[in-house]
Structure formats: structure tokens, C-alpha cells
Amino acid sequence: MMDKNAEKVWNNCLKIIKDIVEWQHYKTWFEPIKPVSLKSNVLVIQVPSQFFYEYLEEHYVNLLAKTLKRELGKNARLEYRIMVDSGDGKNKPVTMDVSAQGFKTFPANEMDFPLIISTPVKNPFVIPGLKKMHIDPQLNPTYTFENFVEGECNRVARRAGKTVAEKPGVSSFNPLVVYGGVGLGKTHLAQAIGNEVKRLHPNKLVLYVSSEKFINQFMDHSRNNAINDFIHFYQLIDVLILDDVQFFAKAEKSQEAFFAIFNHLHQSQKQLVLTSDKPPKDLEGVQERLLSRFRWGLSADLQAPEYETRIEILERKMKKDGLELPKEVVKYIAYNINNNVRELEGALISLLAQSSLNKKQIDLDLAKKVLRNFIRSSSKEITIETIQKMVCEYFQVPYDKLLQKTRKREIVQARQITMYLAKNFTKNSLKTIGEHFGGRDHTTVIHSCQTVKDLMDTDGNFRESVLELQQKIQLASM
Ligand code: ADP
Ligand code: MG
């Protein structure tokens with residue numbers, strides 16, 4: 001048998017296996033196998049993961065034994081080389097060799113063909129059998145690219161999402177990690193990718209799942225000793241979208257399952273799309289080997305939308321709902337709700353509700369009334385406006401002067417201090433802060449902050465005032 005090389009033997013085995021195993025299963029479980037070596041009667045094959053090996057052992061070892069014994073005689077043996085880590089530029093791949101257990105006990109008299117193999121894979125969405133068309137992608141058709149307004153705040157993420165949807169698994173954005181604060185559109189964008197893939201590539205298996213759901217499914221399966229089924233179900237997906245991966249922080253076992261799934265999908269050029277509420281590097285409690293894989297692709301962030309984008313989002317929503325609002329009301333909402341798209345929509349909805357409840361026209365007065373409640377109930381965070389008012393009161397400066405271009409020294413100083421405080425006490429971008437001062441740009445804000453810092457170092461009275469104001473703001477935000 002020494003003269004038969006591994007590849008030839010393995011190809012002969014595959015010829016038989018191909019005829020017996022259903023095409024999809026053959027593709028999943030046999031195509032990724034690579035013959036490594038053949039020494040006397042031992043064939044070594046390489047498999048992509050530990051789970052892969054376990055699955056083969058559990059479901060196909062008889063078939064492997066029969067075919068291999070036909071090639072190499074009844075003393076044929078099989079060994080697996082398991083890819084523990086496929087390595088990257090710096091690190092070499094790590095592998096582990098194990099021998100196939102099933103071979104030793106396999107009775108010789110069962111070596112006759114034909115073989116009938118049936119291996120239904122149970123999947124966690126409780127769909128019997130594994131026919132492609134029966135996997136529900138869990139997509140909400142209302143989340144599309146079309147109604148995901150593009151702005152400076154999301155341009156990179158949105159474009160990368162489009163690329164991924166056009167060429168899933170092929171671009172270098174794999175995985176695509178979209179991160180950003182709550183209500184900034186992560187789920188919307190992730191779902192839009194899924195919907196777009198379905199539109200452009202109807203045959204691709206797409207699955208959207210929240211990490212919470214993934215973890216719960218995993219726990220169910222591990223209680224029932226069905227972890228392999230769980231993992232293998234996920235390994236069949238072409239485009240896997242996993243929302244809010246920060247939930248993995250407290251789920252160590254689930255991380256391991258996801259690691260196996262990730263490796264398999266990535267290796268088979270399947271697309272992964274992940275979202276997170278913080279940048280991957282800040283995901284505490286997530287294993288480093290997983291984080292390092294997140295860095296293989298592209299991480300793109302979603303920022304709070306800038307003023308123009310907020311206006312555009314509001315106008316689109318209104319149009320969709322057949323709604324008309326005075327321009328000044330739209331501006332007022334966009335101006336005051338500035339760090340969360342969900343709240344922007346919420347404000348619009350409560351405004352509508354109020355107006356229909358009281359049969360009142362929606363005008364600026366109503367908007368102010370409703371928004372006051374809305375802002376108060378939705379966040380304890382200090383706003384730019386609050387800071388502006390406090391500074392005005394403190395320095396006895398009229399509010400409107402603060403926003404105008406007055407160059408009077410005391411007003412300029414009050415304005416600079418307000419910008420400085422807004423920078424330190426709110427999460428607003430420099431750009432947004434500038435907007436709140438009659439549309440100044442971010443360089444003005446930077447300059448102001450620097451001036452205040454310099455003056456605090458050189459002018460004792462000035463310093464006292466700023467510190468006192470800081471204290472007031474701190475109290476107000478508690
Ligand atoms: P996240 O998942 O980041 O918490 P969501 O995706 O749930 O946020 O978005 C919150 C709401 O804001 C959704 O209704 C979504 O449609 C809307 N939204 C977010 N970003 C945009 C955008 N750029 N254009 C239009 N709607 C948006
Ligand atoms: Mg979300």
C-alpha cells in the first residue's frame with residue numbers, strides 16, 4: 001500500500017462518498033477535508049476544527065471506514081489533523097492529530113455496499129430537515145439601505161455595508177464590525193445588509209440573530225448535549241449577522257462556540273457582520289483570540305448624526321408617515337435632540353400623539369412643551385442648552401447675546417467658557433457644540449477650549465469662576 005499516495009486514496013474514497021451523501025452534506029463535511037499523508041495503512045486527513053472532527057466521528061465514521069478499507073484493506077486506519085488555529089501572518093497554524101475511534105470497533109462483515117446514510121442536522125430554529133429555503137433569515141424588510149440616511153456620521157459604515165452586501169465573503173471587510181452607541185442605527189444597518197444580500201443573491205443563506213438569542217440557544221443546546229448540532233447549523237450560513245456582540249462578555253462557553261463558527265465561516269469565505277456598542281478593543285470579557293479575529297476585517301463606527309442628517313432623517317420619517325410639520329418645528333427637534341436617532345423618532349411620535357390627543361396644530365409652542373417632557377424623561381444627561389443657561393445666569397449675560405457674534409469681551413469670554421464646559425460635560429462632538437452657538441464651526445470650539453485652559457493657568461479670578469461653574473453643573477447633573 002506504500003505506493004498509493006494520500007491524495008489518490010482520498011479521491012477514490014470521495015468518489016464513493018459523493019454518491020451516497022446528500023449533496024449539501026457532502027459539500028459541508030467532505031469538501032473542506034484535505035488529505036495530508038499516507039503511511040503504510042494510515043491515512044491522515046486535515047479537518048478545519050475540533051467540532052468538525054467530532055461531527056465526522058459521530059455521523060460518518062462508518063462510511064469513512066468502509067470506503068477506506070475498500071481502498072487500503074481491512075487494516076486501514078484513519079487519523080485526523082485538526083486545525084486548532086489557522087494562524088495568520090505572524091502566528092503559525094496550530095494543529096492536533098487524533099486517530100479515528102470508530103475504526104477500531106468496526107466489524108469487518110459490514111463492509112458491503114451500498115450504504116445508506118442519513119444524518120439530519122437539527123437546527124436551533126426548529127425547522128425539520130435542512131433544506132435551504134426553510135431557514136428564515138429573521139430579517140425585517142423595513143430596514144433597508146434606501147431609508148438609512150447617509151451622513152458624515154455613518155458614511156464609512158454604510159458604504160462598507162453596501163460593499164459587503166454586494167460581494168458577501170469576498171471583500172476584505174470580513175468580518176464587518178459596526179459599532180456605536182445606543183440608537184445610532186447598528187441594527188438598522190446590519191438588517192439592511194441582510195435584506196440587500198437577499199435581494200441581490202437570493203440563494204445565499206442569510207441569518208440575522210441577536211447575540212442574546214444566540215447565547216440562549218447555545219445554552220439550550222448544551223443542556224441537551226446538542227452543541228454540535230448548534231454549531232453545525234450556524235456553519236451552514238452564508239451571511240451571518242450577529243447583533244450586539246457585547247453580550248458575549250459574560251458568556252464564556254458561547255464564545256467558544258462562536259469561535260468555532262467564526263473560524264469555519266471565515267475560512268469558507270462566508271460573510272460575518274457583527275455589531276457592538278463599543279469598539280472591539282474595549283470589549284472586556286471577550287477572549288483575545290476572538291477580538292483578534294474581529295480585527296481581521298473592518299471596524300466602522302456610527303457617530304451621532306450631525307444637524308443636517310437629523311433634519312433629513314426627520315423629513316424622511318414624516319414623508320413616510322404622510323406627515324407635515326412647520327419647518328421651524330423640524331429644526332427645533334433636530335436642534336435639541338442630538339445624540340440618538342431613536343429619540344429623534346420618539347420625539348416625533350410623541351409630538352404627533354399630543355397633537356391628535358389635544359386636537360391641536362403642531363406649532364413651535366407645542367413642540368417646546370412636548371420636547372421638554374421628552375428630554376427630561378429620556379435622559380438625565382446635561383445638555384448644551386442647560387450649560388448655556390447656567391453660564392448666562394452666572395455672568396448675567398443675555399442668552400441671545402451668547403449665540404450672536406458679539407465681540408464684547410465679557411460675552412466672548414462667557415461664550416468660550418460655555419463651549420469649554422459643553423465639551424467637558426456633554427458627549428457632543430465639537431461640530432455639534434459649534435452649531436449650538438449660532439452655527440460656528442468646530443475650529444472655533446477648539447480655539448475656545450484652549451483659550452479657557454490658558455486663562456485658567458494664568459488668571460486666578462477666571463479660574464475661580466470656571467471651577468464654580470463646574471461645581472454647579474456637576475450638582476445639576478446628579
Ligand atoms: P441601535 O441598534 O444602534 O441601537 P437602531 O438600528 O435600532 O439603533 O436605530 C434606532 C432607530 O433609528 C431605528 O428606528 C432606525 O431605523 C433609526 N435610524 C438610525 N439611523 C438611521 C439613519 N441613518 N437613517 C434613518 N433612520 C435611522
Ligand atoms: Mg440594536
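1. Start with where ligand 1 lies: domain 2 (134–302) and domain 3 (307–373) both give residues to the shell around it, so ligand 1 lies between them. The domain bounds come from an automatic or database domain assignment.

2. A quick word on the ground rules: this is a predicted model, where local features need pLDDT of at least 70, side-chain atom pairs count only at pLDDT 80 or more, and totals for chains, interfaces and linings use all residues. Residues are numbered from 1 along each chain as its sequence is written, chains are lettered from A and ligands numbered from 1 in the order in which they are written, and side-chain values use heavy atoms, with hydrogens and water left out.

3. Who is around the ligand? The shell of ligand 1 has 17 residues, and the closest are V149, G183, K186, H188 and R342; being near takes a heavy atom within 4 Å. By class, seven are nonpolar, seven polar and three charged (Ala, Val, Leu, Ile, Met, Phe, Trp, Tyr, Cys and Pro count as nonpolar, Asp, Glu, Lys and Arg as charged, the others, Gly among them, as polar).

4. Now the polar contacts (pairs of N or O atoms within 3.5 Å). H188 has a polar side-chain atom 2.6 Å from an oxygen atom of ligand 1, and T187 has one at 2.8 Å from an oxygen atom of the ligand. With V149, a polar backbone atom is 2.8 Å from a nitrogen atom of ligand 1. The protein covers 92% of the 560 Å² of accessible area that ligand 1 has on its own (Shrake-Rupley method, 1.4 Å probe).

5. Which elements give two or more residues to the shell around ligand 1? They are α5 (186–200) and α12 (341–357), with helices being DSSP runs (H or I) of at least four residues and strands runs (E) of at least two, numbered from the N terminus.

6. Two backbone spots deserve a look. Most residues other than glycine have a negative phi, and most peptide bonds are trans. The peptide bond from N174 to P175 is cis, with omega near 5 degrees, and P175 is in the loop between α4 (155–166) and β5 (176–180). S40, in the loop between β1 (34–39) and β2 (42–47), has a positive phi, near 45 degrees.

Definitions and conventions. A polar contact is a pair of N or O atoms within 3.5 Å; within protein, one must be able to donate a hydrogen and the other to accept it, and residues adjacent in sequence count only if both atoms are side-chain atoms.
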